[in-house]
Amino acid sequence: MIIIILAQILGLLCWGSFLNQLAYRLVHDNIPLNTARSTCPHCLTIIQIRDLIPILSWLILWGHCRQCKHPISILYPIIELLTVITILPIFYFFPAQYWLAYFIFCSALIITVRTDLETFLISNLVSLYLIPLGLIFSFLNLLPITILNSFLGASLGYSLLWFTNFSFLACTNKQGLGTGDLFLLAFIGSFTGPLGCWLSLLLGSVYGSCVGLIQIITGYNQFSGKLPFGPYLALGAITYIYNQDLIIKLFSSI
Ligand SMILES: [Zn+2]
């Protein structure tokens, strides 16, 4: 059993490393998605196999490129760890029929965490374009929601944030959220239904507010006043899927 878990952790660390590369290439136009080998974004040297070991390589090199000594983002080991923490429980918490759908769902959210934290961008490839997959999975019983709930979840996700954005714009004359956030919540809704969509938004807002409050208290804000909302929505959605049975039971008892 321990060997199986260790093998799963190792596999997921490598998957996290792949998600890192995919996230980086999705928002940096200068590196095509089909480039086979990873390169240092600063000196463009092809990274050697020994420097591609998840987490360990980053620690050994103390977060710097072996050739040019340029700093390597701490997001690399964080995303690799996050991949293990969020995906490994899927195989122990859910019946096998839901594994594929939740594996894709969490992987897409992890990519969003990285791209939004790094560049304030959420790729359509891991939000808007995956909405039909939520509908298909729910239709095939590969998700614990009906296809109607998947459709309603996606619609609610988009409209909730559209109205929030519209009201914010009308009151302040400023754009509050990016289109990426709207598509992201629609994607979350297509995999979790209306209740999941609404609670992901609620939890995401709570997480975001807590971090915002800490930033105000400490006076530290690495995003110069702005706060990417995607990572909080993603963490809200992940919290929801692992507690949905409890939440649904709670709501049905009210
Ligand atoms: Zn370099």
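Guide: Begin with burial: a residue counts as buried under 20% relative accessible area, as exposed over 50%, and as partly exposed in between. Keep in mind that this is a predicted model.

Visitor: Is phenylalanine 94 buried or exposed?

Guide: Phenylalanine 94 has a relative accessible area of 12%, so it is buried. Tyrosine 102 is buried too, because its relative accessibility is 1%.

Visitor: How do I describe two aromatic rings that lie together?

Guide: A pair of aromatic rings is described by the distance of the centres and the angle of the planes. Phenylalanine 94 and tyrosine 102 form such a pair, with 4.6 Å centre to centre and 35° between the planes, and the pair is tilted.

Visitor: What are the distance and the angle for tryptophan 198 and phenylalanine 251?

Guide: The centres of tryptophan 198 and phenylalanine 251 are 6.3 Å apart, with 90° between the planes, and this pair is edge-to-face. Tryptophan 198 lies in helix α8 and phenylalanine 251 in helix α9 (residues 230-253), so the pair ties together parts that are 53 residues apart in sequence. Tryptophan 198 has a relative accessibility of 38%, so it counts as partly exposed. Phenylalanine 251 is also partly exposed, because its value is 37%.

Visitor: How many aromatic pairs are there?

Guide: The count comes to 16 aromatic pairs. Ring pairs also link a cluster made of Phe93, Phe94, Tyr98, Tyr102, Phe105, Phe137, Phe187, Phe191 and Tyr242.

Visitor: Where is tyrosine 98 found?

Guide: Tyrosine 98 is in the loop between α4 (90-93) and α5. Its relative accessible area is 15%, so tyrosine 98 is buried. The C-alpha atoms of tyrosine 98 and isoleucine 188 are separated by 15 Å, and the two residues are 90 apart along the chain.

Visitor: Now the metal. Which residues are the protein donors of the zinc ion?

Guide: The donors are the SG atoms of Cys40, Cys43, Cys65 and Cys68, lying 2.3 Å from the zinc ion. In sequence these donor residues follow the spacing C-x2-C-x21-C-x2-C. Cysteine 40 is in the loop between α1 (2-27) and α2 (56-60), and cysteine 65 is in the loop between α2 and α3 (75-87). These two cysteines are 25 residues apart, and the pair links distant parts of the chain. Both cysteine 40 and cysteine 65 are buried.

Visitor: How do I read the geometry of a metal site?

Guide: Compare the angles with the ideal, which is 109.5 degrees for four tetrahedral donors. Here the angles among the four donor atoms of the zinc ion are 104 to 118°, and the site is tetrahedral.

Visitor: What is phi of lysine 69, and where is its place?

Guide: Phi of lysine 69 is positive, near 65°. Its place is in the loop between α2 and α3. Lysine 69 has a relative accessible area of 54%, so it is exposed.

Visitor: How are pockets found?

Guide: Rolling a probe the size of a water molecule over the atoms shows where empty space is left. In this model the largest pocket has a volume of about 630 Å³. Its lining has 24 residues, and Gly176, Leu177, Gly178, Asp181 and Leu227 lie nearest its centre. The elements that give two or more residues to this lining are α7 (147-172) and α8 (179-218). The largest share, five residues, comes from α8. By class, the lining of the largest pocket has 11 nonpolar, nine polar and four charged residues.

Visitor: What volume has the second largest pocket, and which residues are closest to its centre?

Guide: The second largest pocket has a volume of about 540 Å³. It is lined by 34 residues, with Gln21, Ile47, Asp51, Ile72 and Tyr76 closest to the centre. Two or more lining residues come from each of α1, α2, α3 and α5 (99-119). With four residues, α1 gives the most to the lining of the second largest pocket.

Definitions and conventions. Residues are numbered from 1 along each chain as its sequence is written. This is a predicted model: local features need pLDDT of at least 70, side-chain atom pairs count only at pLDDT 80 or more; totals for chains, interfaces and linings use all residues. Side-chain values use heavy atoms; hydrogens and water are left out. Donors are N, O and S atoms within 2.8 Å of the metal (3.2 Å for Na, K and Ca); water is not among the atoms, so sites may look incomplete. Four donors count as tetrahedral if all angles lie between 85 and 135 degrees; four count as square planar and six as octahedral if opposite donors are over 155 degrees apart and all others between 65 and 115; anything else is irregular. Buried means under 20% relative accessible area, exposed over 50%, partly exposed in between (1.4 Å probe, protein chains only). On a 1 Å grid over the protein atoms alone, a cavity is a set of points where a 1.4 Å probe fits but cannot get out, and a pocket is an open set with protein on both sides within 12 Å along at least five of seven lines; lining residues have an atom within 4 Å of a point. Grid points are joined across faces, edges and corners, and a volume is the space filled by probe spheres set on the points. Ala, Val, Leu, Ile, Met, Phe, Trp, Tyr, Cys and Pro count as nonpolar, Asp, Glu, Lys and Arg as charged, and the others, Gly among them, as polar. Rings of Phe, Tyr and Trp (its six-membered ring) pair if their centres lie within 6.5 Å; planes under 30 degrees apart count as stacked, over 60 as edge-to-face and the rest as tilted.
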